[in-house]
Amino acid sequence: MSSEQNNDQASRGPRYGKLDREYGMKLATTPPEADGPVWMVNLMKYRTKAEYADGRDAQISGREADDIYSPIEQLRGLGAEIVFVADVEMQLAGEPKWDRVAIVKYPTRRSFIELQSAPGFSEKHAHKEAGMEQTFVIGCQPMIFPTSDVALPEWSTVPHPPTAQDPPVVVMHVLKFKDPSSVDHMTAYQEVAGSVAVPHGVRIHEWFQVEGTIMGDGRAWDQVRFNGFPSRAAFQAVLTDPTRLAAQTEHRQVALTDTFAIILRPRINRLGE
């Protein structure tokens with residue numbers, strides 16, 4: 001892509017989402033003494049076939065174009081690191097339907113903005129533009145999550161342990177609360193759901209508080225949660241448990257106005273480190 005085409009594309013903005021300029025300004029202008037790490041959670045939906053702005057007939061999929069884009073060298077140069085990458089196995093709630101989830105930990109908010117001007121990034125970004133149909137990029141901070149005084153069972157001892165045919169999964173929840181008082185309902189739900197899930201081997205990998213969505217469709221989110229299960233069968237057992245279902249109706253559905261629930265098969269998982 002020529003520099004003129006790159007500049008034209010930049011002026012029009014990306015095809016794959018809406019930029020939140022207010023949050024972008026916060027990322028760019030946070031004073032150094034108040035700045036610090038930010039975890040960017042990326043939800044990605046790919047085009048069936050890559051569509052390049054210069055009109056080339058590329059015989060690759062959108063996923064393959066995004067793989068070419070992956071700016072690992074530029075991230076490393078900024079001190080950023082990829083801490084989670086997973087393919088979507090099944091999506092239980094929410095639209096659109098996503099294909100992949102990734103999380104990049106940046107050393108500062110400012111460093112996320114600096115990525116855009118890193119050497120070689122604009123050339124790589126052409127591949128992301130070609131391959132990505134839609135994406136959310138959600139800026140997050142780790143939050144305190146519930147812990148148990150009861151020893152967590154070893155996965156070899158739970159009712160549905162991991163097997164070669166049914167290995168561990170991570171379940172991601174993206175949450176939007178109806179109002180501040182909804183948190184109480186969610187806490188009540190968590191207590192019931194936790195009592196059901198712990199005997200099945202659930203592990204909380206990380207829960208995040210959302211501080212802004214730099215790229216999306218205009219929706220705002222409150223939390224992003226990642227819970228690990230020893231197998232998909234274990235998650236299914238928790239999902240269909242009558243006690244948890246009653247709490248879902250009484251509390252979770254009351255608390256939330258929007259959500260994604262996604263079963264993931266991780267390829268990289270360094271959450272919680």
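Which residue in strand 4 does glutamate 81 stand opposite? I looked it up: glutamate 81 faces lysine 105. Helices (H or I, at least four residues) and strands (E, at least two) are DSSP runs, numbered from the N terminus.

**Ground rules.** I am working with a predicted model, where local features need pLDDT of at least 70, side-chain atom pairs count only at pLDDT 80 or more, and totals for chains, interfaces and linings use all residues. Residues are numbered from 1 along each chain as its sequence is written, and side-chain values use heavy atoms, with hydrogens and water left out.

**Confidence.** I checked pLDDT, the predictor's confidence in each residue, from 0 to 100. The protein chain averages 93, and 95% of the residues score at least 70. Residues 1-11 are below 50. Beyond near neighbours in sequence, that stretch has eleven contacts in the model. I take contact as heavy atoms within 4.5 Å.

**Whole chain.** I found nine helices and nine strands. The radius of gyration is 20 Å, close to the 19 Å that the globule rule gives for 273 residues, so the chain is as compact as a globular protein of that length. That radius is taken over C-alpha atoms, and the rule is 2.2 Å times the number of residues to the power 0.38. Along the principal axes, the C-alpha atoms fill a box of roughly 60 × 45 × 30 Å. Buried residues make up 46% of the 273. Buried means under 20% relative accessible area, exposed over 50%, partly exposed in between (1.4 Å probe, protein chains only). Of the contacts with a separation of 6 or more, 83% are between residues 24 or more positions apart.

**Strand 3 and its partners.** I followed strand 3 (residues 81-93) next. Strand 3 runs antiparallel to strand 4 (residues 100-106), joined by six bridges. Strand 3 also pairs with strand 9 (residues 256-269), again antiparallel, over eight bridges. Two strands pair if DSSP finds at least two bridges between them. Methionine 90 has isoleucine 263 in strand 9 as its bridge partner.

Six residues lie between strand 3 and strand 4. Glycine 94 takes a positive phi near 100° in this hairpin. Proline 96 lies in the loop too. The peptide bond from glutamate 95 to proline 96 is cis, with omega near 5°. For reference, most residues other than glycine have a negative phi, and most peptide bonds are trans.

**Helix 3.** In helix 3 (residues 62-69), I found Gly62, Ala65, Asp66 and Tyr69 buried. They cover an arc of only 100° around the axis, so they sit on the same side of helix 3. The arc is that of the directions from the helix axis to the C-beta atoms. Their cover includes strand 2 (38-46), strand 4, helix 6 (121-131) and strand 5 (132-142).

**Helix 7.** Which residues of helix 7 are buried? I list Ser182, Met186, Tyr189, Gln190, Ala193, Val196 and Ala197. Their arc is only 125° around the axis, which puts them on the same side of helix 7. Asp184, Glu191 and Ser195 are exposed on the other side. Among the elements covering the buried residues are strand 7 (203-216) and helix 9 (242-255).

**Threonine 213.** I ended in strand 7, at threonine 213. Its relative accessibility is 9%, so threonine 213 counts as buried. Leaving aside neighbours within four places in sequence, threonine 213 is in contact with Asp20, Tyr23, Val137, Ile138, Arg219 and Trp221.
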